[in-house]
Amino acid sequence: MITLILGGEKSGKSAWALQRLLQADGPRLFVGTAVARDMEMRRRIRDHRRLRPPDLPVRETGLELPKVLHQERTGHAAILVDSLDFWLFAAIQADQEVRLRAELLEVLGQKSETHLIFVSSEIGLGPIQVTPLGRQFVRALGSMNQQMASLADEVVLIVAGLPLRLKGVS
């Protein structure tokens, strides 16, 4: 099963996704994709870590998300990936977006009993980005979110901490 959880900045999507992960029976894994490149990001990562139970296994991936999912699926009942937007931005910066997206979609096309939960920002509702890199990222994330939603069994939009089910039933 694949669940895609979308939402805006500080919408509550990560907290909602973590609760879904913690409800799973069996081994669970949290996969983090953010890289702490500045003090603000270090603080955000630290705050997210405080929300997680200390006994929850964590794997930080960088660009290796497809490889990590391929390796870890067989040993876990549920895996939470937080978040696709940070991973995609890093892939764009490394000029590896096309290859890595294809690898991710290939992994997701493989059958598995693992419940995969993905968090991603819904940024298409905001103003048009002023920089070329910003516009490239918005277009790429919008496209990837659409691909993920078509693959997902369940899609949930989080607004003000409240879930709005767009696809599937929990």
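Reader: At what angle do helix α4 and helix α6 pack, and how far apart are their axes?

Author: In this predicted model, helix α4 (residues 84-93) and helix α6 (residues 132-151) pack at about 130°, and their axes are 10 Å apart. Axes are lines fitted to C-alpha atoms, for helices over the stretch in contact, and angles run from 0 to 180 degrees between N-to-C directions.

Reader: Why is α4 called oblique to α6?

Author: Set the angle of about 130° against the classes. Under 35 degrees is roughly parallel, over 145 roughly antiparallel, 65 to 115 roughly perpendicular, and the rest oblique. That makes α4 oblique to α6.

Reader: Which residues make the contact?

Author: Contact means heavy atoms within 4.5 Å. From α4 come L84, D85, W87, L88, F89 and I92. From α6 come L133, Q136, F137, A140, L141, M144 and M148. By class, this contact of α4 with α6 has 11 nonpolar, 1 polar and 1 charged residues. Ala, Val, Leu, Ile, Met, Phe, Trp, Tyr, Cys and Pro count as nonpolar, Asp, Glu, Lys and Arg as charged, and the others, Gly among them, as polar.

Reader: How many helices and strands does the chain have?

Author: The chain has 6 helices and 7 strands. Helices (H or I, at least four residues) and strands (E, at least two) are DSSP runs, numbered from the N terminus. Along the sequence, the pattern reads β-α-β-α-β-α-β-α-α-β-α-β-β.

Reader: What makes the chain as compact as a globular protein of its length?

Author: Its radius of gyration, taken over C-alpha atoms, is set against the globule rule: 2.2 Å times the number of residues to the power 0.38. The rule gives 15 Å for 170 residues, and the radius of gyration of the chain is 15 Å, so the chain is as compact as a globular protein of that length.

Reader: Why is S11 called buried?

Author: Buried means under 20% relative accessible area, exposed over 50%, partly exposed in between (1.4 Å probe, protein chains only). S11 has 9%, so S11 is buried. This residue sits in the loop between β1 (2-7) and α1. Leaving out residues up to four places away in sequence, S11 touches I158, V159, A160 and G161.

Reader: What makes helix α1 mostly covered?

Author: In α1 (residues 13-22), 7 of the 10 residues are buried. They are K13, S14, W16, A17, L18, R20 and L21. Across the chain, 42% of the 170 residues count as buried.

Reader: How are the residues numbered, and which values count?

Author: Residues are numbered from 1 along each chain as its sequence is written. Local features need pLDDT of at least 70, side-chain atom pairs count only at pLDDT 80 or more, totals for chains, interfaces and linings use all residues, and side-chain values use heavy atoms, with hydrogens and water left out.
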